[in-house]
Amino acid sequence: MLSYKFLFDIAIILLSTKLLGLLTRKFHMPQVVGALLAGLFLGPAVLDVLHETSFIEKMSELGVIVLMFTAGLETDIKQLKKTGKASFIIALMGVIIPIIGGITISYIFNRGNLATVEGNVMLQNIFIGIILTATSVSITVETLKELGKLSTEAGNAILGAAIIDDILGIIALTIITSMSDNTVNVLLVLGKISMFFLLSSIIGYLFYRSFDKWVKLYNNDKRRFVIISFVFCLLLSFVAERFFGVADITGAFIAGIIISSTKRKKYILARFETISYMLLSPMFFASIGIKVKLPKMSAILVLFSLILIIVAILTKVIGCALGAKMAKLSNEQALQIGVGMVSRGEVALIVANKGSNLGLLSPLFLPPIIIMVVTTTVITPILLKIVFNRIKI
């Protein structure tokens with residue numbers, strides 16, 4: 001029999017995210033913080049009202065795809081090209097420094113017999129570092145949109161760096177996985193990533209030319225442009241994840257960039273922002289909190305969690321800010337970019353789960369990683385508001 005509980009879940013999520021969003025705004029914090037806290041309070045970690053379901057999981061995935069698609073639509077391509085070199089340097093430093101930090105703290109705690117894994121303990125230390133390289137830009141995108149700073153030079157640098165960071169993270173994950181799994185071919189993975197971006201360039205050019213012709217032929221019926229755009233976004237997201245091993249949100253972002261140069265950009269953006277604000281974004285942000293389950297931990301694990309949080313924040317801020325300075329950006333922009341790359345979100349959880357399944361990560365490390373993900377996800381919008389608007393809260 002068909003269950004209609006999903007209707008109740010949607011209603012509760014929409015109401016709670018809006019109310020807490022308004023409450024956090026009263027304290028000069030971005031509304032996205034309220035949405036994250038709503039999921040945390042309603043989920044198993046606190047009130048245990050909502051639980052992760054297949055429906056919520058799929059809706060949240062659609063939500064982040066639409067969020068990154070609209071981010072692509074709002075991106076200034078000229079500015080993105082201008083910050084391309086800077087984005088690469090930022091992403092590179094934002095991977096190297098967190099890896100070093102993760103390996104260091106994992107090594108220290110493993111020496112104290114905090115946790116052991118079958119096989120090479122050094123691989124576990126490296127894997128903790130790889131988890132810290134993850135960046136969940138969706139939280140930053142929503143916050144920058146709310147602040148009206150997404151199209152700034154710093155905003156574009158963050159977007160570009162996050163995409164490159166994602167690719168570097170995939171490469172690092174593949175390399176460490178190949179050390180424990182002989183079926184993983186590093187060269188094949190790198191080839192697939194390169195092929196995806198080459199294919200995206202070709203398809204993007206063909207789609208852009210075709211889209212312009214459709215606009216001329218059906219200029220009076222704007223609604224069909226929204227549908228065509230959404231289909232293109234979904235297909236490119238699917239192809240990225242299914243055939244090339246690249247995150248679906250990367251495909252969505254690229255689709256948005258391609259359509260951002262068309263004549264119907266503003267109309268399409270307005271329609272997607274409506275459905276995102278009304279349904280999909282609240283589902284995505286609440287789902288992050290709903291996933292959180294905090295088991296009981298020993299004192300040493302609590303200490304490790306606190307240190308992991310500090311290292312996670314500092315390594316991203318220092319690494320990305322250092323990269324920004326190497327790219328000759330201002331001190332203020334460097335700090336903004338560093339803070340914008342702090343959030344780990346669902347990306348770190350996916351990587352951690354992968355490591356756990358492969359035996360590269362002890363189950364004892366999962367609770368501290370979850371706490372680190374929740375903390376960096378909630379604190380990033382707050383820090384972004386401070387560094388962009390310099391408002392004391």
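Colleague: Which residues of α3 meet which residues of α11?
Modeller: On the α3 side they are Glu61, Val64, Ile65, Met68, Phe69, Ala71, Gly72 and Leu73, and in α11 they meet Asp248, Ile249, Ala252, Phe253, Ala255, Gly256, Ile257 and Ile259. Contact here means heavy atoms within 4.5 Å. Helices are DSSP runs of H or I with at least four residues, strands are runs of E with at least two, and both are numbered from the N terminus.

Colleague: What should I know about the model itself?
Modeller: This is a predicted model, in which local features need pLDDT of at least 70 and side-chain atom pairs count only at pLDDT 80 or more, while totals for chains, interfaces and linings use all residues. Residues are numbered from 1 along each chain as its sequence is written, and side-chain values use heavy atoms, with hydrogens and water left out.

Colleague: At what angle do α3 and α11 pack?
Modeller: The angle is about 35 degrees, and the axes are 7 Å apart. Axes are lines fitted to C-alpha atoms, for helices over the stretch in contact, and angles run from 0 to 180 degrees between N-to-C directions.

Colleague: Is the crossing of α3 and α11 left-handed or right-handed?
Modeller: It is right-handed. A crossing has that hand if the near helix is turned clockwise from the far one by less than a right angle, and is left-handed if anticlockwise.

Colleague: And what about α10 against α11?
Modeller: Helix α10 (residues 223-244) and helix α11 (residues 248-259) pack at about 145 degrees, with axes 7 Å apart. The crossing of α10 with α11 is right-handed. Residues in this contact include Phe232 and Leu236 of α10 and Ile254 and Ile258 of α11. Its residues comprise nine nonpolar, three polar and two charged.

Colleague: Changing topic, how many helices and strands does the chain have?
Modeller: The protein chain has 16 helices and zero strands. Its radius of gyration is 21 Å, close to the 21 Å that the globule rule gives for 393 residues, so the chain is as compact as a globular protein of that length. The radius is taken over C-alpha atoms, and the rule is 2.2 Å times the number of residues to the power 0.38.

Colleague: How much of the chain is buried?
Modeller: Of the 393 residues, 53% count as buried. Buried means under 20% relative accessible area, exposed over 50%, and partly exposed in between, with a 1.4 Å probe and protein chains only.

Colleague: Where does Ile13 lie, and what does it touch?
Modeller: Ile13 lies in helix α1 and counts as buried, at 0% relative accessibility. Leaving aside residues up to four places away in sequence, Ile13 touches Leu50, Ile56, Pro282, Met283, Ala286 and Ile290.

Colleague: Which residues other than glycine have a positive phi?
Modeller: Asp48 is one of them, with phi near 60 degrees, and Lys328 has a phi of about 70 degrees. Asp48 is in the loop between α2 (31-42) and α3 (54-74), and Lys328 is in the loop between α13 (299-326) and α14 (331-340).

Colleague: Are those two buried or exposed?
Modeller: Asp48 counts as partly exposed at 41% relative accessibility, whereas Lys328 counts as exposed at 76%.

Terms used
Ala, Val, Leu, Ile, Met, Phe, Trp, Tyr, Cys and Pro count as nonpolar, Asp, Glu, Lys and Arg as charged, and the others, Gly among them, as polar.
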